[in-house]
Amino acid sequence: MVDILEITVLITAILNLLLGFFVLFQKPSRRINRLFGIFGLITAAWVFTNFMPSIQPSVFWVKSGYAIGALVPASALLWVLDLCGKKITRTRTVLIYSLGFLFFTLAHINNLIVTDVERVYLGGYEGDTGPLFALYSVYIIGALFSVLYLLILTYFRVSGLKKTQIRYVLIGAILYIVIVSLVSFILPLLGGLEYINLDSPSSIILIIFTTLAITRHHLFGIRLILTEILVAAIGLTLLIQALTAETLGWKIFGFVLLILFGILGYLLIRATLQEIQRREEIEKLSEQIKVSNIRLEAALKALEKLDKAKTEFLSIASHQLRTPLTAVKGYLAMIQEGLYGKFSEDASKVFHKIYASNERLIELVNSLLDISRIEVGRMEFNIEDVQIEDITESIIEELSFYIKNKNLYIKLNKPKKSLQKIRADRAKIRQVILNLIDNAIKYTQRGGITVTLQDLDDRIRISVKDTGIGMTKKEMEGLFEMYSRGKGMRLFPEGTGLGLYVAQKLLQAHMGKIWAESEGKNKGSTFHVELPLRRR
Amino acid sequence: MNKKILLIEDEKILSEMYAARLKKEGYKVINSQDAEGGISLIKKEKPDLILLDLLLPGMQGQEALKILKEDPATKNIPIIILSNYDTPKVRKQSKEYNTKYILKANITTRDLVGLVREEMEGSGQG
């Protein structure tokens with residue numbers, strides 16, 4: 001007599017068989033589908049041999065159960081290896097299946113593992129164990145633990161889709177093992193023997209979860225399958241109700257209801273499927289974004305490194321350029337000081353010219369380094385309290401040699417009350433003022449320079465006025481641009497064309513400004529600089 | 001007695017130039033072409049001031065500055081960083097150790113004499 005448990009076993013065998021075929025034929029070109037398909041079919045055969053003793057209790061079926069049972073872990077191990085990205089070599093396949101077939105043969109053709117059959121529980125048959133039964137158990141448990149170990153290890157190593165796939169297989173495997181342990185070991189220990197034959201049917205759980213994982217398309221398909229089962233169950237109930245209705249009216253009502261439910265069910269399944277597809281797309285997209293972000297981060301790091309390397313290169317290159325210039329400057333200064341004896345006036349003039357040219361080169365190197373730092377945003381400012389009069393006076397003192405040499409005058413107008421201190425980088429503000437006074441000396445042949453300092457309550461103004469060559473309106477255009485000398489002017493014959501550009505950039509960084517005024521050609525120029533007073 | 005200056009500078013043309021100018025002012029100048037040699041000379045020569053270049057073969061000037069300023073035996077010797085290598089990082093470090101940082105290309109040998117005098121007087125007062 002076949003009871004309900006045994007029917008469950010048969011249904012499981014059929015379902016395993018169908019799922020095995022489904023995966024196998026869904027994409028036979030994929031190795032994992034083939035390996036898993038084989039696993040499904042072997043499992044189906046195993047469950048089937050578990051069912052057979054109920055209709056034909058013989059030692060043959062029990063032995064077959066153990067024999068095919070030996071192939072289940074072997075086939076499982078192979079596709080799990082593939083899923084976890086391990087190499088499936090011919091040697092590995094042969095070795096694993098050889099072990100499986102060894103136990104298959106041992107179980108089948110002699111009495112080493114099982115010797116006899118006996119009905120042990122309601123609906124269940126077990127064999128009397130043979131001398132190699134313990135070895136057989138070690139093989140089965142060992143193979144199953146290898147599968148679990150491999151899955152857990154890989155789960156923590158991978159990410160994205162692979163992780164989700166392995167999570168599904170792990171859930172299935174763990175549920176399966178828990179159920180088997182519960183019905184085969186824990187419940188029997190507590191005296192509950194009636195569920196023991198649920199062990200082989202519960203393999204369907206593992207099969208369903210792994211099918212979900214492998215067929216990919218239904219990776220998030222648990223909800224879909226539940227929806228389909230629900231719709232099918234309600235549909236079946238409605239059909240039975242319609243068929244068994246007592247009156248024609250109720251029958252018609254039942255069928256109409258069934259048709260309506262059919263439409264609704266179809267729409268429900270379609271909507272669920274669409275939602276799943278959208279989620280899969282989002283998952284895919286977010287994976288792509290993740291990859292792009294990683295690439296972007298790497299690119300940014302490389303760029304930062306390059307930027308740093310460029311700045312470092314410039315610092316070293318400037319150092320190398322400055323070294324010979326320093327030697328020229330130093331020796332010429334010593335000659336001009338008279339440390340190497342007296343030279344004729346003509347020679348002195350030449351030395352002065354060499355010195356001036358050398359100064360221009362030094363200034364050029366300094367400006368280029370400044371510009372490169374400004375451009376890459378690596379200019380650093382050392383902000384402190386700065387007294388503008390002190391800086392201006394020291395610059396005038398420094399340049400007095402050249403002023404006297406050109407027979408020019410220099411006047412400094414400053415308010416009686418000392419100026420308010422500004423918050424600024426002393427060296428950079430000094431560089432700006434020095435540049436303006438130096439320019440004024442260069443472009444003034446007669447007369448002189450007047451420097452005026454004003455406290456305008458919320459800002460300080462520094463004005464450098466000269467009686468030099470002046471500028472036309474056209475010449476004043478683009479005065480603060482890089483290489484403004486290139487604008488068709490004979491302006492700044494001795495300059496680098498970078499000084500005013502750098503000055504403007506430095507002032508902008510201080511929230512200050514610079515501008516120029518001139519009445520025209522030969523009417524002198526005035527350069528104004530304003531720096532804000534920032535209250536602390 | 002003549003004041004002693006230790007010049008740590010690897011560029012021969014510059015070390016000769018600075019030495020020549022400083023000797024004219026009556027200073028005794030000892031030159032070392034690298035930082036390691038310079039540091040080992042300090043114990044023997046006990047200089048009154050050190051002129052330190054930054055880009056050197058072997059140990060760099062920044063490291064030498066750290067060693068000299070953190071060693072109780074040498075921390076009171078005034079140091080002037082004299083280099084054409086100019087980075088904000090080094091400027092910051094020199095400020096931390098309260099050390100003058102001079103760009104060689106921006107000063108003449110006469111300016112250097114002025115700076116040395118100023119620094120020695122400063123340390124003499126301190």
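Rings of Phe, Tyr and Trp, the six-membered ring in the case of Trp, form a pair if their centres lie within 6.5 Å. The exercises below concern a predicted model.

**Exercise 1. Ring pairs in chain A**

Task: Find which residues the ring pairs link into a cluster with A:Phe36, and state whether they are buried or exposed.

Solution: 

Step 1. Over all chains, the structure holds 10 aromatic pairs. One of them joins A:Phe36 and A:Phe39, with 5.8 Å from centre to centre and 45 degrees between the planes. Planes under 30 degrees apart would count as stacked and planes over 60 as edge-to-face, so an angle between these limits is called tilted. The pair of A:Phe36 and A:Phe39 is therefore tilted.

Step 2. Both residues of this pair belong to helix α2 of chain A, residues 31–51. They are three residues apart, about one turn of the helix.

Step 3. The cut-off for a buried residue is under 20% relative accessible area. A:Phe36 has 0% relative accessibility and so counts as buried. A:Phe39, at 3%, counts as buried too.

Step 4. A:Phe39 also forms a tilted pair with A:Trp79, at 5.8 Å centre to centre and 50 degrees between the planes. A:Trp79 lies in helix α3 (residues 59–83) of chain A while A:Phe39 lies in α2, so this pair ties together parts that are 40 residues apart in sequence. A:Phe39 and A:Trp79 are both buried.

**Exercise 2. The mixed sheet of chain A**

Task: Give the strand order of the five-stranded open sheet in chain A, name its edges and describe the helices packed on the sheet.

Solution: 

Step 1. The order is β4-β6-β7-β9-β8 of chain A, and the pairing is mixed.

Step 2. At the edges stand β4 (409–413) and β8 (513–518) of chain A; each has a single partner strand, so one side of each has no neighbour in the sheet. On average, neighbouring strands of this sheet are turned by 15 degrees against each other, direction ignored.

Step 3. Take the pairings in turn. Strands β6(A) and β7(A) are antiparallel and share seven bridges; here A:Asp455 stands opposite A:Ile460 of β7(A). Three residues lie between the strands of this hairpin, and A:Asp457 takes a positive phi near 70 degrees. Between β7(A) and β9(A) there are seven bridges, again in the antiparallel sense, and A:Arg459 faces A:Pro532 in β9(A). Six bridges join β8(A) to β9 (residues 525–532) of chain A, also antiparallel, with A:His528 in β9(A) as the bridge partner of A:Trp515.

Step 4. Helix α11 (residues 388–405) of chain A packs on the sheet and touches β4, β6 (448–455), β7 (459–466) and β9 of chain A; its direction makes about 175 degrees with that of β4(A). Helix α12 (residues 426–442) of chain A touches β4, β6, β7, β8 and β9 of chain A, and its direction makes about 20 degrees with that of β7(A).

**Exercise 3. Two helices in contact**

Task: Describe how α12(A) and α14(A) cross and which classes of residue make their contact.

Solution: 

Step 1. Two packed helices are described by the angle and the distance between their axes. The axes of α12(A) and α14 (residues 499–509) of chain A cross at roughly 145 degrees and come within 10 Å. The crossing is left-handed.

Step 2. On α12(A) the contact residues include A:Ile429, A:Val432 and A:Leu436; on α14(A) they include A:Val502, A:Ala503 and A:Leu506.

Step 3. By class, the contact has eight nonpolar, four polar and one charged residues.

**Exercise 4. The parallel sheet of chain B**

Task: Work out the order of elements along chain B and the order of strands in its sheet.

Solution: 

Step 1. Chain B has five helices and five strands. From the N terminus they run β-α-β-α-β-α-β-α-β-α.

Step 2. In the open sheet the order is β2-β1-β3-β4-β5 of chain B, with parallel pairing. Its edge strands, β2 (28–32) and β5 (100–103) of chain B, pair on one side only. The twist from one strand to the next averages 20 degrees.

Step 3. Strand β1 (residues 4–8) of chain B is parallel to β2(B) over five bridges, and B:Lys4 has B:Lys28 as its partner there.

Step 4. Helix α2 (residues 35–45) of chain B lies across β1, β2 and β3 (49–52) of chain B, at about 145 degrees to β2(B).

How values were computed
Residues numbered from 1 in each chain as written. Chains lettered and ligands numbered in written order. Predicted model: local features only at pLDDT ≥ 70, side-chain atom pairs only at ≥ 80, totals over all residues. Heavy atoms only, no water. Pairing = 2+ DSSP bridges. Helix = DSSP H or I, 4+ residues; strand = E, 2+ residues; numbered from the N terminus. Axes fitted to C-alpha atoms, helices over the stretch in contact; angles between N-to-C directions. Contact = heavy atoms within 4.5 Å. Left-handed = near helix turned anticlockwise from the far one by under 90°. Nonpolar A, V, L, I, M, F, W, Y, C, P; charged D, E, K, R; others polar. Buried < 20%, exposed > 50% of the residue type's maximum accessible area, 1.4 Å probe, protein only.
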